[in-house]
Amino acid sequence: MAKPSSVAVAAATPPTPATRDMLPLLRVGILVLIAIIGFSSRLFSVVRFESIIHEFDPWFNYRSTQYMVKNGMYSFWNWFDERSWYPLGRVVGGTVYPGLMVTATVIHNILHGLNYPMDIRNICVMMAPLFSGLTALATYLFTSEVCNRTAGLFAAVFIAVAPGYISRSVAGSYDYEGIAIFILMLCFYLWLRALRTGSPLMAVFTAVTYFYMVATWGGYVFIINLIPLHAFVLILMGRFSNRLYVAYCTFYAVGTMAAMQIPFVGFQPTSSSEHMAALGTFGMLQLVAFAHFVRSHLPNQQFKQLLRWLLVGGVALLVGIFLLLSATRFIAPWTGRFYSLWDTGYAKANIPIIASVSEHQPTAWASLFFDLQLLMLLFPAGIYFCFTKFEEAQIFVIIYSLFASYFAGVMVRLVLTLTPIVCVAAGIAMANLLYSYGSPTATPAKPRNSIIQLAVLGCLFISVLMFMFHSTWATSEAYSSPSVVLASSRPDGSRIIIDDFRDAYYWLRKNTAPDAKLMSWWDYGYQLTGFTNRTVLVDNNTWNNTHIATVGLAMGSDEDKAYEILRKLDVDYVLVVFGGLVGYSGDDLNKFLWMVRIAAGVYPDELNEKDFYTAGGEFRLDDQASQKMKDSLMYKLSYYRFNEALQGQGMDRVRQSKAPSKPIRLDMLEEVMTSSHWIVRIFKLKEPDNLGRNLHKVATFNKKQK
Amino acid sequence: MSKDRTFPVMVLFTAYGGSFPCNPCEAFAPEYQVVADSWRRLAPAAEKDRLFFMVATVENTRSAFERLGVQSVPVPYHFPPNSGSQAKGNANKPQSVDLNKVGLQAESLVKFMNQKLGYTFKTYRPINWRRLSIIGLVVSFVITVAVILLPRLSWRSFSFKGLGSSVVIVVTLMMCSGFMFVRIKGIPYMIAGRSGQPEFIAGQFQHQWGIETQIVASVYALCGACIVALVHRIPKIDNQIRQSVTAVVVMALFMAAYSAMMAFLRIKNPAYPYRLLF
Amino acid sequence: MRFFHLLLAATLAYTSIPEGQAKSLTGDRALLVLPKATEAKPEDYGRFVESLKSRGFSVTFQTATSNKLNLFVYGERQFDHLVLLAPKAKRLGNGITAKSLVEFIDDGGNIVMAAGSDFGGAQRDFAKQLGIDFDLRGNVAVDHFHYLPAPETEAGVRDPENHTRILTDQYTNSTYIVGDQVRQGGPILYQGVGHRHMTNSQPTMLWSVLTGYPTTYSFDTSEGQVVTSKDSLLSGSKMHLVSAFQARNNARVMVVGSTSLFSDAFFATPVPSSTVLTSPKPNGNDQFVRDLTEWTFQEKSVVRVNSVSYHVVGPNESDEKKESNPSANPGSFRVSDRIKYSINLSEYYADQWHPAQVNQLQFEAVMLDPYVRQTLEAESRTGTAAVYSQIIDLPDVYGVFTFKVDFLRRGLSHVKHTDVVPILPFKHNEYDRYLVSAYPYYISAGSLMVSFLVFCGIWIFNGDSTIKVKKS
């Protein structure tokens, strides 16, 4: 692992024997401390709330982990989930990246094998913090490979506390990204090492790590494009070597075959456009290797001619084949999410379901700075230092920075992939600064005045301290809320816990038939199945747009129409989230226009977004709302009895508008549960009348007879 | 619009210049021209002379705006014939299309018209010779330069450290400063604030103006330059006093930039608790 | 589904009742509601009551206005069957409203309701909820061609030749209610009102049992009024005299426009035979009323599902499930499975269960839309039950399917059985192996392995010689 030289540093001062003996111990100690910091700074939510799974997607991962622990690998592979996407069902085994669940199950089984019983939930909750410690280690290794160990330690401590990574890896956030970043960094480290040593063994390790990544996260595409790109750039720069050939070919062949073992990926590595760059680079490497072989047998001049024509012909041929295959649709067209990365207007125009997710929005600078803070200021210097050295590893860092920053700019979600490399670059910058100003002995590359050294070091210390404060604050305030449990503060600063979601889910679990079907907007699907163990219509795995649109149509239609749709879908309960009473802005009415848009995309004759605005084109929900809006099921369910409960003074605190003053009449559904802060409202679909009457008539009759 | 009109009419309600500045209107005007042109070229022969394209601006036809209740411009209206064989009785209310939703391209209007008129005609775009020739010029220039220069440059002598590093760093910083945010969302460069003063930093956490990209990117670049200077330049200064002064100034600049970034963040999120120098 | 369970529970509870007990499947507590004693006494309906008692019902009498008349006590239904013979009553019992009657039905009670010309209040409202609209007050059914002349002997109650005691034998086709004995017997003697079915009534739930002849019409005879064209005249087959209603929970209601239909007096009145010369013959009222109440009180035309079974047939038939529990239906199927679906049905009539005889019994496999719809064929029958079955090819689509038999015939109870059965895709080890079309791939993989070994061998054994050559 020892690198002969470090970036921009000509020669390190030889340490005295005593310190040399101490150094490894010190390093290990520091790394352990870093891992502990990384682990413990992610525990805010566990300390503050309880050991609970956060957010939405993790609930599915948790549920499937439970399934896997209970039924084993093979039944998970063949798991057909009847509880979601009713009545279509979902083939979970074939539509999921199982790496996370397998990891948790393995940990669980090992612990049980050691007779240390630990609840699977706690394993899932602690998974991300645990792997953050490992990420710090992997980042240390990676940075040591690129620069030196000092930089490695800095990078490790940065990644351990960087809010950009913490945002996805707090305790309870049991999601793919939590472990994927560790695998990402490990894979890149192994790749650089394989490249440096030219060892097939290391390349196989890289491929195995890549396989783990494929099994874990859809973001593996990042690896399978970045490594080929690195190889490609190296070839272009004339840095082809046998080490590169061995490393890349071994990695690609083993990695691709391994990747195809994941059912969800299947034959994509041979057919989808996302993987074509890797294949192309593989082919090109063979050509270049062949060319090198030919060169060793041919005079120089002849060879150059040959090479030129071969290159031109080869590239033209490849491009031609690729275009032909793309045009004939033999190679899968770009998938929607991937496409929206390049053509930024695409999602907005064509796939409302992708555009509707806030994670897929482009990133404003403030959120990036919030996530990276000081690191962002060190980032450009780190890249610059990579240029001054400019060997294989440094080129990799540069390419990584360039692409990851583009992706992070396009999608908020992908700030996550940028974070590690920013930490690495910042670590390199810090190491260089420290080398110039930190050592007590004078070298030619150092200023002679020790006061200057102290001043610079002092400023750096303050900056890093500030960064630590910021990170802790950001973690505590912004990223440690489980979103199932909401926390808000009273005017006097004390904390109130709003536990409506769990109340409602628990109610459903205890009060509904085991085969009851629940309808809600897809955001709550995973949580609903996870918490209540009931069947849901749509969930966060948005694989069937039509089904989601049908739910949107039901929400946007009037009561009669909606009733018809709900009966057809065998719905028993409808759940809506209403934030008007406490000002919870992520409620269904705020998402309502997206529901209408998605529904109108599939049923253009049934719904029209325009009808939901007032004549003046405004989105209003008070008495001036458009008729269609007032008739819609979502509106009725949200505001049902709201104004009456507040003695006619109802005020929607999300929209800052008055609640509809006329009592809302609901004939075909009945309110069965409203949580204490009114955030979750559950309605039961009435059975068709026993006497065959229209339910409006029944309601009128019952009212009159009373 | 007379009572007995046997032919359909397309009217574009819009506003040019004058008292109502309207960027989308300006942008849509040539597209409308394209639609009319496409009709003239590609419509069925029998129908060609039966559709009229008109433009109504706010300045000249205020009464028409009021009568139809037009709230936003530009908006194309389709008036079906209200007498003669093709009149559709009750269905002859004028109908509009929301350009904000379908997009400001000629294609979207043509799609709308095809629905309403019942014929299909395609959009015909004349080849934009000017743009094409400019692209051609640029491409040929690049090729020429490459052909002339490339043989004289070997890969190794090519200065990646200079050109490459600056290109990479500039692009990276732009991406990290919300350049794509501004581009994708079509956000204005900057706007006037409440008191008429220009507002440089938008007051929302999830939002920003175009100019912020430049401000923030330059601050990042400044910080990078400071660190590079501290590592590479300052140790090489021979004069100890000059060295000290430069080091202090550069470090102070860095700290100031750091503080400035935090100050910007406080503008966006007043709850942000930390500050360094100011 | 729920209704089916209710019914099944009810039927199971009463099938084992010994002889002499009620023959109704849903209980033996019958309540007869009569008008004030001045208008009618229980003895007026002696034969009708006797018939009920002989069929095992315990009959309770109550006056319509009595405060003791309660359908529910503490939410518990007090009677299983209700006969309302008090059309004039404005008030029913202890605050019984149309809503209470609806609740009685919703709770599974059966009602026979007789109407009269001044029919009103809760009962009229209740009839409206069923989709039955009685004609204006004062109007009665009149037929100037088919009527029973007023008896000369009786003084005081002499019919002033209004021809309101009409005769009819216009039964509807369904034999589930009115049996052959009635159809072949004498006509029905009827004096009362007619009603129409409202346009929004459910034709599967409400249907006519008896109408008048085309010459029958509805008219106010009291003041000798004249028919004007303005009146929406109710007549002929549009004018229903007796209608049957079956709710979703299979509770039954019989609405009759006449109280005298049930009376001893009418039972005993002979009607002129069609051949005028012969002596008068008895009318069909006795048996007709018996048929009506037998149907209403669930003594016949009740079909139940005894069992439903389905399993894979053919080569894919798996043995493991059979071993564990042969009678249990599998919880899931695989796409394109060939299954056999059988349903075991019994029909209740003549005091016991018989094999149900139905035709066009259809099976559906539904996931949003029906993917399969096939008619089940009669397969076998035992003394009390018949099995209908069919071989079905499941669709090549996976999802959560509902296996549904939904059999709805006028007069028969609603047969509905649903099972939610997921149809699964192939498991990873269930795909076919060693396909012919895969052999090129096997060969290529095998040959690659062999050639790799061969190549290595050649490389190893020739390696030394090349070095030697170079050295030399």
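**Sheet and domain organisation in chains A and C**

In chain A of this predicted model, strand β5 (residues 517-519) and strand β7 (residues 573-577) pair in the parallel sense over two bridges. Within this pairing, Leu518(A) of the one strand is placed opposite Tyr573(A) in β7(A). Helix α23 of chain A, spanning residues 500-511, packs on the sheet and touches β5, β10 and β11 (680-685) of chain A, its direction making about 25 degrees with that of β11(A).

The sheet to which these strands belong is open and consists of five strands of chain A, arranged in the order β6-β5-β7-β11-β10, and its pairing is mixed. Strands β6 (535-536) and β10 (669-674) of chain A stand at the edges, where each has a single partner strand, so that one side of each is left without a neighbour in the sheet.

With regard to the division of the chain, chain A comprises domain 1, which covers residues 195-332, and domain 2, which covers residues 499-705. The C-alpha centres of domain 1 of chain A and domain 2 of chain A are separated by 52 Å.

Chain C was examined at the level of the whole chain. Nine helices and 27 strands are assigned to chain C, and of its 472 residues 40% are buried. Among the contacts in chain C that have a separation of 6 or more, 73% are accounted for by residues 24 or more positions apart.

Definitions and conventions: Residues are numbered from 1 along each chain as its sequence is written. Chains are lettered from A and ligands numbered from 1 in the order in which they are written. This is a predicted model: local features need pLDDT of at least 70, side-chain atom pairs count only at pLDDT 80 or more; totals for chains, interfaces and linings use all residues. Domain bounds come from an automatic or database domain assignment. Helices (H or I, at least four residues) and strands (E, at least two) are DSSP runs, numbered from the N terminus. A residue is buried if 20 or more other C-beta atoms lie within 10 Å of its own, exposed if 12 or fewer, and partly exposed in between; C-beta atoms are placed from the backbone. Two residues are in contact if their C-beta atoms, placed from the backbone, lie within 7 Å. Two strands pair if DSSP finds at least two bridges between them. Axes are lines fitted to C-alpha atoms, for helices over the stretch in contact, and angles run from 0 to 180 degrees between N-to-C directions.
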